Amino acid sequence: MNEHEMTALLERATQGVHGTEALVAGGVRRGQRRVRRQRATALAGAAAVVALVATTAMLGPFGEKAPNPDERVAATDVKPKPAEAGPALPPKLERLQQQVMAPVPARLVADGTYVGTIEFDPRDGTGLGTVQAIVTEDPDDPLLSTWAGRCAQLEGCSETAGGWVLVEPSSPDVLGVNPDLEGARGFYLGRDGRSVDLVAYNGTDPQMGGPVTREDPVLSRQELVQLVTDPTWFDS
């Protein structure tokens, strides 16, 4: 049977067959099922390959091929080193920071600014004193554009790699009630807009001219610098 005879035979066999909506719809459904089956088969094959690769990787030396020790060492050498943490605060300052942070439920700067006041006891027999903290996080702080010039004009201000540090006396007796009250202020402004402002007093309730409880402010100049420049104020 040649090609023309086969064509004529097929035409005679299909003369009574007419395309209907149901017939077309059935053909479409069968075609869609076939495509889905093909895709599922392809995905299953790809998943099998991934599983095989993952299993071989987990097996390591027990798989088909053990890794080259030299390659393993080389891969270890190129791993980035974690950033080194700064010097830890002395126990006294760490305890003070924790006490100031204690009222904050999630993080110190919950809404951009946090203000806290505590009566701090250094536990060295010298008497307690009030410490006030103002901590802010504002990358758009307008102070950033002018502070470098202002810092250069202030005696107790110095520039660091991360920002600026200012240590100066603070005069708490604004009402003239108790002239013996003294304060020491430490202020740090980071180039990223984070700032810590601490004031330590030699008495309690300084805003109201409270009683003097010790000879000097409860924090020294060095301790103020250590505290205000400590990055853990902003840890979650």
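# Reading a six-stranded sheet

Colleague: In what order do the strands of the open sheet sit, and what is the sense of the pairing?

Modeller: The general idea is that the strands of a sheet pair through backbone hydrogen bonds, either parallel or antiparallel. In this predicted model, six strands make an open sheet, and its order is E1-E2-E6-E5-E4-E3, with antiparallel pairing. The edges are strand E1 (113-120) and strand E3 (157-159), each of which pairs on one side only. From one strand to the next, the twist averages 10 degrees.

Colleague: Which pattern does the chain follow along the sequence?

Modeller: The chain has six helices and six strands, and along the sequence they read α-α-α-α-β-β-α-β-β-β-β-α.

Colleague: Let's zoom in on E5. How many bridges join E5 to strand E6?

Modeller: Seven bridges join E5 to strand E6 (residues 194-201), and the two run antiparallel.

Colleague: Is E5 mostly covered or mostly open?

Modeller: Covered, for the most part: seven of the eight residues of E5 are buried. For scale, 29% of the 236 residues of the chain count as buried. As for helices, H6 (residues 221-228) lies across E4, E5 and E6, and runs at about 30 degrees to E5.

Colleague: Which strands does helix H4 touch?

Modeller: Helix H4 (residues 91-101) packs on the sheet and touches E1 and strand E2 (129-137), its direction making about 125 degrees with that of E1. A handy idea for reading a helix: an α-helix has 3.6 residues a turn, so residues three or four places apart point the same way. In H4, the buried residues are Leu93, Arg95, Leu96, Gln97 and Val100. Their cover includes E1, E2 and H6.

Colleague: Now the charged side chains. How many salt bridges are there?

Modeller: The count is five. Take Glu223 and Lys92, whose side chains meet in a salt bridge at 3.1 Å, N to O. Glu223 belongs to helix H6 and Lys92 to helix H4, so this pair ties together parts 131 residues apart in sequence.

Colleague: Why does Glu223 count as buried?

Modeller: The cut-off for buried is under 20% relative accessible area, and Glu223 counts as buried because its relative accessibility is 17%. Lys92 has a relative accessible area of 22%, so Lys92 is partly exposed.

Colleague: Which salt bridge does Arg194 make?

Modeller: The side chain of Arg194 meets that of Glu137, again at 3.1 Å, N to O. This links distant parts of the chain, since Arg194 is in strand E6 and Glu137 in strand E2, 57 residues apart. Arg194, with a relative accessible area of 28%, is partly exposed, and Glu137 is partly exposed at 26%.

Colleague: Which residues are linked with Arg185 in a network of salt bridges?

Modeller: Glu168, Arg185 and Asp197 make up that network. Its Asp197–Arg185 salt bridge has an N to O distance of 2.9 Å. Asp197 sits in strand E6 and Arg185 in strand E5, so the pair ties together parts 12 residues apart in sequence. With a relative accessible area of 14%, Asp197 is buried.

Colleague: Back to Glu137 for a moment. Which residues is Gly112 in contact with, leaving aside neighbours within four places in sequence?

Modeller: Val135, Thr136 and Glu137. Gly112 is in the loop between H4 and E1. C-alpha to C-alpha, Gly112 and Glu137 are 5.2 Å apart in space, though 25 residues apart in sequence.

Colleague: Last one: which residues form a nonpolar patch on the surface?

Modeller: Val174, Leu175, Val177 and Met208 form that patch, with about 440 Å² of accessible area together. Val177 is in the loop between strand E4 (163-170) and strand E5 (183-190).

Notes: Residues are numbered from 1 along each chain as its sequence is written. This is a predicted model: local features need pLDDT of at least 70, side-chain atom pairs count only at pLDDT 80 or more; totals for chains, interfaces and linings use all residues. Side-chain values use heavy atoms; hydrogens and water are left out. Patches are made of residues with over 30% relative accessible area and no salt bridge: like charges are joined within 9 Å, nonpolar side chains (Val, Leu, Ile, Met, Phe, Trp, Tyr) within 5 Å. Accessible areas come from the Shrake-Rupley method with a 1.4 Å probe; for residues, only the protein chains shown count as cover. A salt bridge is a side-chain nitrogen of Lys or Arg within 4 Å of a carboxyl oxygen of Asp or Glu. Helices (H or I, at least four residues) and strands (E, at least two) are DSSP runs, numbered from the N terminus. Two strands pair if DSSP finds at least two bridges between them. Axes are lines fitted to C-alpha atoms, for helices over the stretch in contact, and angles run from 0 to 180 degrees between N-to-C directions. Contact means heavy atoms within 4.5 Å. Buried means under 20% relative accessible area, exposed over 50%, partly exposed in between (1.4 Å probe, protein chains only).
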